[in-house]
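Welcome, and please open your viewer. We will go from one selection to the next and look at what is there.

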Amino acid sequence: MPYCILKNYNLKKMATKKSKKPTRSKLVKLADKVFSEFIRQRNANELGITECFTCGKVDHWKKLQCGHFQSRKHYNTRWNEKNCQVQCAGCNVFRYGEQYKFGLYLNKKYGGNISEKLMNDARKVIKLANFELQEIIDHYKSEILKLN
Ligand SMILES: [Zn+2]
């Protein structure tokens, strides 16, 4: 049995034991936390310093945020590595994410019309199973380890 299927099988088996079943909202929260750490650390230098995608402010990754181009309410792009970039609180919170600039810079960074593609992708409604949320968590945990 391939490893990934085996892993899912075990998770499903675990999920039948009521006491060990992580709630969906807990999995979403944890996936957000781990993914956010990955996004903020991926371009940080050895001192942990990185830069706001939309204004260029530099700070330690722990003091910056994971900004979403398309809102987190869209699950299809919620954990998309292009849709999410480092932002300072000024841009992400007080300037509502600077979505226009965000889109322009995404096109500059990745080329073509990536912002339009993300906008379309965001509107596709998906429902992730709990084991898929767990896979996101596991994947980004190991990606963070690779960065350090
Ligand atoms: Zn900023």
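How many helices and strands does the protein have? There are seven helices and four strands, where helices (H or I, at least four residues) and strands (E, at least two) are DSSP runs numbered from the N terminus. Along the sequence they follow the pattern α-α-β-β-β-α-β-α-α-α-α.

A word on the source before we zoom in. This is a predicted model, in which local features need pLDDT of at least 70 and side-chain atom pairs count only at pLDDT 80 or more, while totals for chains, interfaces and linings use all residues. Residues are numbered from 1 along each chain as its sequence is written.

**Stop 1: the strands.** Select β3 (residues 65-68) and β4 (residues 84-87). The two run antiparallel and are joined by four bridges; strands pair if DSSP finds at least two bridges between them. Click on Gln65 and you will find Gln87 of β4 opposite. Now show the side chains of β4: Cys84 and Val86 point one way, Gln85 and Gln87 the other way, and all are buried. Buried means that 20 or more other C-beta atoms, placed from the backbone, lie within 10 Å of the residue's own. In a regular strand the side chains alternate between the two faces of the sheet.

**Stop 2: the core.** Next, select Ala31, Val34, Phe35 and Cys52. In the largest nonpolar core, which has 22 residues, these four touch the most other members. Such a core is a set of buried Ala, Val, Leu, Ile, Met, Phe, Trp, Tyr and Cys residues joined through C-beta atoms within 7 Å. Elements giving two or more residues to this core are α2 (24-41), β4, α5, α6 (114-122) and α7 (130-147), and α2 has the largest share, five residues. Center on Phe35: beyond its neighbours within four places in sequence, Phe35 is in contact (C-beta atoms, placed from the backbone, within 7 Å) with Trp79, Ile136 and Tyr140.

Stop 3: Move to α5 (residues 99-110). After α5 comes Gly111, with a positive phi near 85°.

Finally, which residues of α6 are buried? They are Ser115, Leu118 and Ala122. These cover an arc (of directions from the helix axis to the C-beta atoms) of only 60°, so they are on the same side of α6. Their cover includes α3 (75-78) and α5.

Note on methods: Buried ≥ 20, exposed ≤ 12 C-beta atoms within 10 Å, placed from the backbone. Contact = placed C-beta atoms within 7 Å.
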